[in-house]
Amino acid sequence: MYYEFLEDIAQTNRLRDLHPLIKIILGLGCILISVSSQSIVAPLIIIITISFATIFLAGIDFRFYLKLLLIPLGFAVLSVIVIVFMRNSGQILFSYPLGDWFLLTVSYGSLNEGILIFSRVFAGMCSLFFISLTTPVTETFGLAVRCRIPGEFIDLSMLIYRFIFVLIEQAAQIYNAQHMRLGYGNLKEGINSFGMMAGALFINTWNAAENLIMAMDSRCYDGRFAMPDDSAAMSFPLLCLVIVYLMVNTGIAVYTSGFVLFGVAY
Amino acid sequence: MHIMEGFLPSPWWQIWWILALPCIIYGFYKLRSILKENRELLPLLGVAGGFIFVLSALKLPSVTGSCSHPTGTALSAITFGPWITAVLGFIVLLFQALFIAHGGITTLGANAMSMAIVGPVVGYYVYKGLDKINFNFFANVFIAAFLCDIVTYCVTSLELALAFPATAGGFVASFGAFLGVFALTQLPLAIIEGLVFVVIFKYIIMLKPELLIKLKVLSEEKMKKVQGEIEE
């Protein structure tokens with residue numbers, strides 16, 4: 001499955017043994033810089049460098065990475081189009097009457113804003129995928145423990161994470177079985193089958209969960225999972241490198257804040 | 001729902017984070033006290049969270065900075081109440097952002113506000129109100145699930161419209177535009193989600209009625225009445 005696949009990659013990529021803190025600081029830092037950037041220069045640099053890190057340093061297959069990015073970016077393009085039509089300012093690029101009363105207008109100002117937002121979303125996606133493709137979930141949880149996030153919160157998160165896979169696996173099985181028996185022939189049957197599946201899934205997974213807790217209780221579970229702290233040693237030169245990289249990017253974002261692609265600033 | 005990473009500009013994503021955090025912290029304290037009282041609920045909470053994750057990961061494209069999908073929050077809103085659902089929803093949204101880049105870290109506050117807080121709160125209180133006047137249980141579940149879903153989208157449209165008011169017509173015009181585009185995909189989806197949740201509750205009542213009694217969703221006499229309705 002798709003989700004398991006991402007986790008597999010996170011466990012086997014070449015940056016697996018890096019301290020999770022470095023990877024998360026890099027990812028989150030890039031996100032913050034690109035969101036606050038007022039021009040497309042800094043997000044573009046982040047897109048290029050982070051993608052480079054994901055493909056060459058972490059060794060993720062280029063075509064797979066592209067495929068991953070394509071889905072969210074498709075959504076992003078659609079949404080940016082709405083912004084482009086709604087936020088007109090400055091010189092008008094073209095306008096096209098749609099019916100008698102509706103005028104579709106695109107101006108330089110809105111085009112600039114649309115492109116800026118698209119670049120931010122793109123950079124954010126690359127940074128998020130960098131985190132999810134290089135950092136195994138267990139290490140993220142380990143980091144959360146060290147950040148003193150309350151134990152109940154982490155335990156609940158880990159249980160939810162566990163049950164996502166149980167649910168997906170069973171859902172695929174039940175769905176196939178229903179599909180073969182023509183359970184999704186028309187909408188009414190489809191709703192009934194889907195609800196039946198969801199109800200059965202909930203009850204099944206709940207049973208599995210109760211068994212799991214019982215098994216853990218009999219092994220002295222006291223409301224806190226033991227977390228083996230096996231993450232790699234912190235590498236300070238690398239941490240400094242990441243911080244320098246982020247500072248350079250911040251500088252670029254501040255320095256180029258007046259830059260626009262089309263016409264004068266809006 | 002699920003505004004993408006980087007889509008909300010600077011003052012707005014901070015504002016939604018600040019608004020969402022107190023609700024989540026309050027929810028967390030409620031969660032802690034419930035778990036202290038009854039630790040058997042932990043697996044059930046985990047399953048309900050996983051359920052929200054799986055349902056809300058089924059997305060369809062929509063033209064508004066996000067996408068349409070079922071929210072799946074109705075089940076835990078009705079059984080655990082809205083504040084615990086807020087915590088579950090927050091964890092789920094964090095997972096979706098970190099593991100499948102669906103939603104985002106900066107937009108997490110806004111997404112949590114719409115899907116994990118306002119939607120379930122509205123759904124839950126309407127459910128409670130109708131429950132008091134002895135409304136039909138299944139019709140009530142339908143309404144609660146429908147509201148959880150549709151209110152989530154209204155709040156998302158509001159968040160987007162506040163961040164991107166239209167040049168002509170300002171906030172109201174863009175709120176209308178976002179709502180209109182969402183309604184296209186979301187209204188049918190919300191109705192389907194409502195129906196699906198009715199079927200889910202039907203199966204839970206048929207197979208594990210003690211669960212709902214234990215969680216005080218239904219009293220025993222009411223459960224008998226509802227079971228009678230199913231048999232008919």
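How much area is buried between chain B and chain A, and what percentage of it do carbon and sulfur atoms give? In this predicted model, the area buried between chain B and chain A is about 5,900 Å², and carbon and sulfur atoms give 81% of that area.

**View 1. The contact between chain B and chain A.** The contact draws 69 residues from chain B and 62 residues from chain A, and the area buried between chain B and chain A amounts to about 5,900 Å². Between chain B and chain A there are 2 residue pairs in polar contact, with both residues of each pair at pLDDT 80 or more. On the side of chain B that touches chain A, two or more residues are given by each of helix H1 (10-37), helix H2 (41-56), strand E1 (60-61), helix H4 (82-100) and helix H7 (170-207) of chain B. The largest share of that side comes from H2(B), which gives 13 residues. Sorted by class, the side of chain B that touches chain A holds 51 nonpolar, 13 polar and 5 charged residues.

**View 2. The salt bridge between chain B and chain A.** The count between chain B and chain A is 1 salt bridge. A salt bridge joins A:Glu152 to B:Arg32, and the closest N and O atoms of A:Glu152 and B:Arg32 lie 3.1 Å apart.

**View 3. Helix H2 and helix H6 of chain A.** Helix H2 (residues 20-36) of chain A and helix H6 (residues 137-146) of chain A have axes that come within 10 Å and cross at roughly 90°; H2(A) and H6(A) are therefore roughly perpendicular to each other. From H2(A), the residues A:Pro20, A:Leu21, A:Lys23 and A:Ile24 meet A:Glu139, A:Thr140 and A:Leu143 of H6(A). By class, 4 nonpolar, 1 polar and 2 charged residues make up the contact of H2(A) with H6(A).

**View 4. Helix H6 and helix H7 of chain A.** H6(A) also packs with helix H7 (residues 151-180) of chain A, at an angle of about 170° and with the two axes 11 Å apart. Because angles over 145 degrees count as roughly antiparallel, H6(A) and H7(A) are roughly antiparallel to each other. In this contact, A:Val137, A:Phe141, A:Ala144 and A:Val145 come from H6(A), while A:Ile154, A:Ser157, A:Met158 and A:Tyr161 come from H7(A). The contact of H6(A) with H7(A) has, by class, 7 nonpolar residues, 1 polar residue and no charged residues.

Key
Residues are numbered from 1 along each chain as its sequence is written. Chains are lettered from A and ligands numbered from 1 in the order in which they are written. This is a predicted model: local features need pLDDT of at least 70, side-chain atom pairs count only at pLDDT 80 or more; totals for chains, interfaces and linings use all residues. Side-chain values use heavy atoms; hydrogens and water are left out. Contact means heavy atoms within 4.5 Å. Buried area is the accessible area (1.4 Å probe) that two parts lose on being put together, summed over both. A salt bridge is a side-chain nitrogen of Lys or Arg within 4 Å of a carboxyl oxygen of Asp or Glu. A polar contact is a pair of N or O atoms within 3.5 Å; within protein, one must be able to donate a hydrogen and the other to accept it, and residues adjacent in sequence count only if both atoms are side-chain atoms. Helices (H or I, at least four residues) and strands (E, at least two) are DSSP runs, numbered from the N terminus. Ala, Val, Leu, Ile, Met, Phe, Trp, Tyr, Cys and Pro count as nonpolar, Asp, Glu, Lys and Arg as charged, and the others, Gly among them, as polar. Axes are lines fitted to C-alpha atoms, for helices over the stretch in contact, and angles run from 0 to 180 degrees between N-to-C directions. Angles under 35 degrees count as roughly parallel, over 145 as roughly antiparallel, 65 to 115 as roughly perpendicular and the rest as oblique.
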